[in-house]
Amino acid sequence: MAEIVMPRLSDTMEEGTILRWLKADGEELKRGEELVEIETDKATMIYESDQSGTLQTVAREGDTLPVGELIARVGVPGDGAAAGGGPAAVEAEAEEAYGRAEPDRPVASPGGDANGVVAPAPDPGVAASAAAKAGAAPAPSASSPGGRVKASPLARRVAREAGVDIASLSGSGPGGRIVRADVQAAASAGATGLSQSPTAAAAAPAPAALPGSDAAPAASPASSARDDVTKAKGETTTESLTRMQQTIARRMAESKATIPDFTLQMDVDMDECVRLRAELKRISSSDAPTYNDMVVKACALALREHPRANGSYKDGALQLHSRINVGVAVAANDALVVPTVFDADTKALGEIARETRALATRVREQSITPPELGGGTFTVSNLGMYGVRAFNAIINPPQAAILSVGSVEQRAVVRDEQIVARQTMTLTLVCDHRILYGADAAELLARIRELLQAPASLTL
């Protein structure tokens, strides 16, 4: 029986979420076939099986598991273990294995002391009689003689993490043993000592009215104010962040909190770039580079001349990188993904155009791979297509800088003491002051502008 564990799909991946199984339990699986769709901190990817045999899934869709955790088993056809069926059967098998590997431990209850010593359990007959007099059926007990709670180590660990009082649960496993599913059900139902069963709620006495009062006590002013604010907002829904959105939020918050950044802006005369692009579109409309492709190429050539800007700050030291890899921010599915154009300084403008177009397509189709999202040494972010003239992007740590690109538009400028209309674009460079100083950043930005204002050099 072979095991399939949560794969490490990127160098920064620590855990993944099972989005969708592409094969069903009991189905024959071949090596290389698409098995499961996994969401990581960078992208959603399809993992191909490295095993052949009959599939038995362990993890459920929606489960988030650390790298190396068991997600499925693959056995030969007819294998009894593989034919046991589904996650529930596997869980029961795992619970029994845990139970055999570790004896039941005493669990402190409200009647126990700080050292975990539990008071003797009440006589089962007396408890049953009391329950019958109260009109309620006695719940099955997971306690064994001597005050021990029958629960597997896995269930105990899940209970500790979820804050569930395991002594208050009833087990559904063999012999009344508490298994992981019991703890998860209690946690999802809020059974942590804060909720109340329907029977207990019905038996609880209503709060007594104050003497001389014929009505329920009025709500406090603070409570009324809170209710008014809640009603003013209308119906509120809560959306959980995806794994990728959580990673973006964490990294951007880390960037703003830890990087002492500063910003420079320059306007670029794009008339020559507009003419060059029109000529290239006439030659090949499908392969013609965009203005953003020209910016990527200009940045790569400028970074070659200013290697400090192609560095990173890490552990109090400056790291200079020999390869110039420009990341291009792409918006897709309520997230921001930055695929990388590797060795952009050595690639022709047309090659960069084809590569960025293909990368953007794979991002939107969610077929981008982790290697294509890593290794960036500089980032370009463009909102010009939305009519944004200028904006300050957030540095992607540990990079030294990020370039924000605005829209190309006609503006009134002075040329030879005459006011004329010129195609103009604003570039904004946000820099990490631990790596780049003002003069260094200004020289880099000026060189990018110079290359864009004479774009023939981008085609060499």
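**View 1. Cysteines without disulfides.** A search of the whole structure finds zero disulfides, a disulfide being a pair of cysteine sulfur atoms within 2.5 Å. In general, such a link is a covalent bond between the sulfur atoms of two cysteines. The structure is a predicted model: local features need pLDDT of at least 70, side-chain atom pairs count only at pLDDT 80 or more, and totals for chains, interfaces and linings use all residues. Residues are numbered from 1 along each chain as its sequence is written, and side-chain values use heavy atoms, with hydrogens and water left out. Cys273 counts as buried because its relative accessibility is 0%. Cys299 is buried too, at 1%. Buried means under 20% relative accessible area, exposed over 50%, and partly exposed in between (1.4 Å probe, protein chains only).

**View 2. The largest nonpolar core.** This core has 71 residues. A nonpolar core is a set of buried Ala, Val, Leu, Ile, Met, Phe, Trp, Tyr and Cys residues joined through side-chain atoms within 4.5 Å. Those with the most contacts inside it are Ile71, Leu403, Leu427, Leu429, Ile448 and Leu452. Helix H9 (residues 291-305) gives the largest share, nine residues. Helices (H or I, at least four residues) and strands (E, at least two) are DSSP runs, numbered from the N terminus. Apart from this core lies another, of twelve residues, among them Val149, Ala151, Leu154 and Val183.

**View 3. Around Leu403.** Contact means heavy atoms within 4.5 Å. Not counting residues up to four places away in sequence, Leu403 touches residues including Val295, Cys299, Phe378, Leu427, Leu429, Leu445 and Ile448. Thr379, Val380, Ser381 and Thr428 are also among its contacts.

**View 4. Asp293, a buried charge.** Asp293 is found in helix H9. Asp293 is buried yet has no salt bridge, that is, a side-chain nitrogen of Lys or Arg within 4 Å of a carboxyl oxygen of Asp or Glu. The nearest side chain of opposite charge, Arg357, is 4.9 Å away. Lys and Arg count as positive and Asp and Glu as negative; His and the chain ends are not counted. Beyond four places in sequence, Asp293 touches Leu349, Ile352, Ala353 and Thr356.

**View 5. Glu15 beside Pro66.** Glu15 is found in strand S2 (residues 15-21). With a relative accessible area of 32%, Glu15 is partly exposed. Glu15 and Pro66 are 51 residues apart in sequence and 3.9 Å apart in space, C-alpha to C-alpha. Leaving aside neighbours within four places in sequence, Glu15 is in contact with Thr64, Leu65, Pro66, Val67 and Arg243.
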